[in-house]
Amino acid sequence: MAGRTIAIGDVHGCFDAFVALVEVLAIGPDDTVVALGDYIDRGPNSRGVLDLLLALTGRCRLVPLLGNHEEALLDALRDKEQLRRWLTLGGADTLRSYGWVPGGPRRALADWIPRSHREFLATCRPYHETSTHIFLHAGYVPELPLGEQPALALRWRVTDATVAAPHRSGKVAVVGHTPQSSGRVLDLGFLVCIDTNCVRGGYLTALDVGSGRVWQVNPSGTLRDCSGDDALNVEGR
């Protein structure tokens, strides 16, 4: 039997929620898991989140996308002038998960981040495409092919339901990045946003794009009942 294709929204260091979500999904070797990026920053345990992502590479077909927060960290690793920018995005929370404390020993950024984590982040993809869906961290320019999308759109574009338009491919776009303060998935038909604001007290969301099934857990790892439409915010349909 063909496995599922499951997208997971922005984790942002919410390790307890991520662990609970992975457990309830019962991910197997035939499943494809598309992680939409923003695994790090702001939440309490970015290190644990990256460890779990690495573990998933041996359990399923993991497709990790590059979020703007991972991009900012990689920029800081390449150029120390970019460090302050990353820290303003929540990088200090990530460093704390690696044992950094204010006033502690001064070390180069690469000395805090394990090689396995740096190498994993460096292999994250700009997007993923199937026969029916496109997966992106943030968004897209509707008239451009995926291979010509600017980095600004892929990792920083905010989803605005009032002006959003379908991609030229006609495929359904699954995105994160734009936190839905309601904690509900934004479903426009041609675009689905599953960043449901876990790090600010909302939910971490997974979506089976084949069946449309949604799973949500809160930051402490408690599963939300998504058997009805409670997890969905459907607009323009």
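Leucine 136 has valine 175 of strand S6 as its bridge partner. The strands concerned are S5 (residues 133-136) and S6 (residues 172-175), which run parallel and are joined by four bridges; strands are taken as paired where DSSP finds at least two bridges between them. Strands (E, at least two residues) and helices (H or I, at least four) are DSSP runs, numbered from the N terminus. Between S5 and S6 the chain passes through helix H7 (residues 151-156), and this β-α-β crossover is right-handed, in the sense that the path from the first strand over the helix to the second runs clockwise when the strands point away from the viewer.

The model is predicted: local features require pLDDT of at least 70 and side-chain atom pairs count only at pLDDT 80 or more, whereas totals for chains, interfaces and linings use all residues. Residues are numbered from 1 along each chain as its sequence is written, and side-chain values use heavy atoms, with hydrogens and water left out.

S6 also pairs with S8, in the parallel sense, over three bridges. Here valine 175 stands opposite cysteine 193 of S8. The loop that leads from strand S8 (191-193) to strand S9 (204-208) contains glycine 201. Glycine 201 is exposed, because its relative accessible area is 56% and exposed means over 50%, buried under 20% and partly exposed in between (1.4 Å probe, protein chains only). The C-alpha atom of glycine 201 is separated by 6.4 Å from that of proline 219, 18 residues apart along the chain.

The cysteines may be considered next. With a disulfide defined as a pair of cysteine sulfur atoms within 2.5 Å, the count comes to zero. For cysteine 14, the nearest cysteine sulfur is that of cysteine 198, 3.7 Å away. Cysteine 226 is likewise in no disulfide, with the sulfur of cysteine 198 nearest at 13 Å. Cysteine 14 is buried, at 6% relative accessible area, and cysteine 226 counts as buried at 15%.

Helix H3 (68-78), helix H4 (83-97) and helix H5 (109-112) each supply at least two of the lining residues, and H4 gives the most, with three.
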